[in-house]
Amino acid sequence: MAIRIIKHFGLKPQLLKLIEECFELIIAILRYLITGKGYANLLEEMADVQLVSDQIIAHFNESEYIYNMKHYKKERTLKYIESLKKQKT
Ligand SMILES: [Mg+2]
């Protein structure tokens, strides 16, 4: 599905769309942090960023790279948390 959408609209417009969606997400985060309102909008903008990101990843055929990078970063963060716990003891 993601590849069909980016084939229709093209890479450059979807990269610009990703900038737009990232900006909307930043605004939604700030609104939620400052006012405590806009929970549904926060979720919607996260979905938008994921959807357009998925299109860019499909265009470059880099799903495996992204999967591995996410795994690496998750593991690195978990190790960092463990190192912080050890410092406390
Ligand atoms: Mg949006």
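Guide: The expected span of a helix is 1.5 Å times one less than its number of residues. The model discussed here is predicted, with local features requiring pLDDT of at least 70 and side-chain atom pairs pLDDT 80 or more, while totals for chains, interfaces and linings use all residues. Residue numbers start from 1 along each chain as its sequence is written.

Visitor: How far apart are the end C-alpha atoms of helix 4?
Guide: Helix 4 covers residues 63-88, which is 26 residues. At 1.5 Å a residue it should span 38 Å, so the model agrees with the expectation, its end C-alpha atoms being separated by 38 Å.

Visitor: How many residues of helix 4 are buried?
Guide: Buried takes 20 or more other C-beta atoms within 10 Å, exposed 12 or fewer, and partly exposed lies in between. Over the protein, buried residues make up 8% of the 89 residues. Helix 4 is hardly covered, and its number of buried residues is zero.

Visitor: Is Glu 82 buried or exposed?
Guide: Glu 82 sits in helix 4, and its C-alpha is 35 Å from that of Phe 60, 22 residues away in sequence. Because Glu 82 has 10 C-beta neighbours inside 10 Å, it counts as exposed.

Visitor: What separation do the C-alpha atoms of Lys 12 and Met 1 have?
Guide: Lys 12 belongs to helix 2, residues 11-35. With 8 C-beta neighbours inside 10 Å, Lys 12 counts as exposed. Lys 12 and Met 1 are eleven residues apart along the chain, and their C-alpha atoms are separated by 18 Å.

Visitor: Which residues of helix 3 does helix 1 meet?
Guide: The axes of helix 1 (residues 2-9) and helix 3 (residues 39-60) come within 8 Å and cross at roughly 85°. That makes helix 1 roughly perpendicular to helix 3, a label for angles of 65 to 115 degrees. Contact needs C-beta atoms within 7 Å. From helix 1, Ala 2, Ile 3, Ile 5 and Ile 6 meet Asp 54, Gln 55, Ala 58 and His 59.

Visitor: What percentage of the contacts join residues at least 24 apart?
Guide: The C-alpha trace spans about 55 × 40 × 20 Å along its principal axes. Among contacts between residues at least 6 apart in sequence, the share joining residues at least 24 apart is 60%.

Technical notes. Axes are lines fitted to C-alpha atoms, for helices over the stretch in contact, and angles run from 0 to 180 degrees between N-to-C directions. Helices (H or I, at least four residues) and strands (E, at least two) are DSSP runs, numbered from the N terminus. Angles under 35 degrees count as roughly parallel, over 145 as roughly antiparallel, 65 to 115 as roughly perpendicular and the rest as oblique. Two residues are in contact if their C-beta atoms, placed from the backbone, lie within 7 Å.
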